[in-house]
Amino acid sequence: MELNKFLTGTNSTSVLDNILYYLVLAISIFSIIPFFTIIINSSLVNFDYSLLIESQFLTYVRNSFMIVSCVLILTFIFGVFSAYLVTFHNFYGANFFKYALILSFAIPPYIFGYSMSAFFENYGVGYSIINFFFDTEMANIYLPDFSPITNSVISLTFTLYGYVFLLSRASFINQSANLIDLGKSMGFTPSQRFLKIILPCARPGIFVGLSLVAMETLSDFGTVSFFGVSTFTTGIYNSWFIFDDLETSNFLSLLLLFFILVFFTIENLSRKKSKFHLLKNDRRNKKTDLSGKKKFFAFLFCLSLFTVSFIFPFSQMIYWSIKFPEYFENLNILKLNLNTFLIIFCTASLIIAFSLISNFGNRVFKNKLLSSFSNLSISGYAIPGIIISVSIISFLSLISGISNLNLKTLFIGSFYGLILGYFFRFYAISFNGIKSNYLKINYSIDESSYLMGFNKFKTFYEIHWPILKKNIFFIFVLISIEIIKELPITLILRPFNFETFSIKAYNFASQDLIEAAAIPSMFLIFWTSILILISLNYFFDEDK
């Protein structure tokens, strides 16, 4: 009764409107703090630009460019081809693989790197397997000796191709069956239809997937750090936390931010143009039954991809956990689980609440200033976690230096600082998720509710919320997956003695205790897989 009275009241409406307007503006401005902090710091510091010609800087550029280029090529091949097979063809296991291949998201690149390193090292798992079957002491000569960059490329490829797979498959499902039939009537072979019709029509989705892969690759810290590859992220971390060099750290952060934002901008432009390529799909595409060698090759390709990207690292962790149970005894698994779920609940709830307020305010006010700041507020997704951590520390140091507020003590190395870092990094996931659902609600519905005497807030409570809440759980799951896998923000901003599965695994691996890292890695993969399986109902499905 009291709630209904509040929602229908008119006396306080103008006051509430003003509060909402400035609250949305404050949230948007607050969300872009990392972006502007890096730019301001880079413009204020007296930096020695001789770094540009030093070999270490050139090494960062060369290694980063080489890794990104190779990962983009490989993820394109794996993601697009696997999506094409499970969408347009029937073969043994096709219905299984269209979901199973999504599980690659459950494996963080650095954990895949741990498994790969242990498998191919001298007298490692690979050696044991070869020696078991062939009883030879020369098993090591049959194992490839990958370079650190190659290891990084492989680890990133098999854990990131899912972006391309998901978005390519979504594009394939929505393609016009009539257009494909037209290609058949013109005498196009299957390969010609793929190259001349299917692939060009799916170009926006594929390009968005590749842009996300590029951003994640450039943002990666755990994998390249473990393999000892010098990239922008390792350079930023070493400059700030090892050499205490603020100038170099900020300069490298600005350069990396520039490269990331290039891909972020391309991704946004590509998404806006995607409607140009989508034709009306009046009926479902009929799958082609494969036979003979083609059927076997399709099954083998998808099975190999699933095995390498998920079964291989997960089984490796299970094997070590069973073989070395003593490491389990030294871990407080209950505390690690509680820490993980506590930070997930607090952060995801805060992010979703702020996203709802911001999207609601943008919808009802239709203000250009709010819209401009809201579009900038999602830039945190394009900023690597390590840069966000550096920017938070820089911003709090700046505020503490010009005022009597000692914010550094409150946020740096505290639970609140960790939530703050996650908020900046993952706010875009929630904001865009809610925004996409708001776009499905016609503005005429709002106008009708106003004619019925509803104010803005009762319109939200009675009309918007019942529609939006169906997708809130899915957004919560997506944020949870990202938080569980996140490494640099947790590593830098966490409170003393506050550990998560990712931190525990990283600490063991950095001490060359790969076997000890298996148990926290196994739990990390397990919970992430559960969340992905829970969210499968929200993924695309041509049967819906």
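**Reading a predicted model: helices, contacts and confidence**

Author: Helices H16 and H27 are oblique to each other. The model is predicted, and this pair is a place to begin.

Reader: At what angle do the axes of H16 and H27 cross?

Author: Angles over 145 degrees count as roughly antiparallel, and 65 to 115 as roughly perpendicular. The axes of H16 and H27, the latter covering residues 518-534, cross at roughly 135 degrees and come within 8 Å. The crossing is left-handed.

Reader: Which residues in H16 and H27 meet?

Author: On the H16 side they are Phe-310, Phe-314, Met-317, Ile-318, Trp-320 and Ser-321. On the H27 side they are Ala-518, Ile-519, Ser-521, Met-522, Ile-525 and Ser-529.

Reader: Is Ile-519 buried or exposed?

Author: A residue counts as buried under 20% relative accessible area. Ile-519, which lies in H27, has 1%, so this residue is buried.

Reader: Which residues is Ile-519 in contact with, leaving aside its neighbours within four places in sequence?

Author: They are Ser-321, Tyr-327, Phe-328, Leu-331 and Ile-333. Ile-519 and Tyr-319 are 200 residues apart along the chain, while their C-alpha atoms are separated by 9.8 Å.

Reader: How do H18 and H24 cross, right-handed or left-handed?

Author: Read the angle, then the hand. The axes of H18 (residues 333-365) and H24 (residues 456-485) come within 9 Å and cross at roughly 140 degrees. That makes H18 oblique to H24. The crossing is right-handed, whereas that of H16 and H27 is left-handed.

Reader: How many salt bridges does a search of the whole structure find?

Author: The search finds 1. Glu-499 pairs with Lys-504, and their closest N and O atoms are 2.9 Å apart. Both Glu-499 and Lys-504 are buried.

Reader: Where does pLDDT stay under 50?

Author: Where pLDDT is low, the predicted coordinates should not be read in detail. One such stretch is residues 1-11, with 11 contacts beyond four places in sequence. Another is residues 273-282, with 16 contacts of that kind. Among the elements, H15 (residues 274-277) has the lowest mean pLDDT, 43.

Reader: Which element has the highest mean pLDDT?

Author: That is H16 (residues 292-323), at 90. The protein averages a pLDDT of 79, and 83% of the residues score at least 70.

Note on methods: Residues numbered from 1 in each chain as written. Predicted model: local features only at pLDDT ≥ 70, side-chain atom pairs only at ≥ 80, totals over all residues. Heavy atoms only, no water. pLDDT = per-residue confidence, 0-100. Helix = DSSP H or I, 4+ residues; strand = E, 2+ residues; numbered from the N terminus. Contact = heavy atoms within 4.5 Å. Salt bridge = Lys/Arg side-chain N within 4 Å of Asp/Glu carboxyl O. Buried < 20%, exposed > 50% of the residue type's maximum accessible area, 1.4 Å probe, protein only. Axes fitted to C-alpha atoms, helices over the stretch in contact; angles between N-to-C directions. Parallel < 35°, antiparallel > 145°, perpendicular 65-115°, else oblique. Left-handed = near helix turned anticlockwise from the far one by under 90°.
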